[in-house]
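Please read these notes with the model open beside you. They go from the whole chain down to single residues.

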Amino acid sequence: QFFCADAGQAAQKLCQEGNRPDVIVVDPPRKGVSPDVIEAIDTMSPKKVVYVSCDPATLARDVKLLCERGYKLTHAEAVDLFPRCSHIESIVCLTRD
């Protein structure tokens, strides 16, 4: 089942319904995910989080917060979706046992 919504609203809805997804995929704006979304991800405790980011600084900040909650960075990759400019998309995979 896929659920498409603002991350904060989706996180609240999923937590309230007691959902426990296997994988959560987030693709936030440059500001990264909000602290309440990090908390909701931790509460739902998926085995895998896939994080797509256009800002390496906020990605690093959010990965650190997720790692502090028991996730481990298992894969990272940069993808050049915008040729002839300096922007890249970063994709990371975090897992939790």
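**Notes on the fold and its core**

1. With 97 residues, a compact globule would have a radius of gyration near 13 Å, and the protein chain agrees, because its own value is 13 Å. The radius is taken over C-alpha atoms, and the globule rule is 2.2 Å times the number of residues to the power 0.38. Along the principal axes, the C-alpha atoms fill a box of roughly 45 × 25 × 25 Å.

2. On the basis of the values: this is a predicted model, in which local features need pLDDT of at least 70 and side-chain atom pairs count only at pLDDT 80 or more, while totals for chains, interfaces and linings use all residues. Residues are numbered from 1 along each chain as its sequence is written, and side-chain values use heavy atoms, with hydrogens and water left out.

3. Three helices and four strands are found in the protein chain (DSSP runs numbered from the N terminus: helices are H or I of at least four residues, strands E of at least two). Their order along the sequence is α-β-α-β-α-β-β.

4. Contacts are heavy atoms within 4.5 Å. Of the contacts with a separation of 6 or more, 65% are between residues 24 or more positions apart.

5. Buried residues make up 31% of the 97 residues (buried is under 20% relative accessible area, exposed over 50%, partly exposed in between, with a 1.4 Å probe and protein chains only).

6. Which residues touch the most other members of the largest nonpolar core? They are Ile41, Leu66 and Leu94, in a core of 17 residues. Two or more residues each come from strand 1 (23–26), helix 2 (35–44), strand 2 (48–53), helix 3 (56–67) and strand 4 (89–95). Helix 2 gives the largest share, five residues. A nonpolar core is a set of buried Ala, Val, Leu, Ile, Met, Phe, Trp, Tyr and Cys residues joined through side-chain atoms within 4.5 Å.

7. Leucine 94 deserves a look. Leaving out residues up to four places away in sequence, Leucine 94 touches Lys47, Lys48, Val49, Val63, Leu66, Cys67, Tyr71, Lys72, Leu73 and Thr74.

8. Is cysteine 93 buried or exposed? Cysteine 93 lies in strand 4 and counts as buried because its relative accessibility is 14%. Residues up to four places away aside, cysteine 93 touches Lys48, Val49, Lys72, Leu73, Thr74 and His75. Tyrosine 51 is 42 residues from cysteine 93 along the chain, yet their C-alpha atoms are separated by 6.5 Å.
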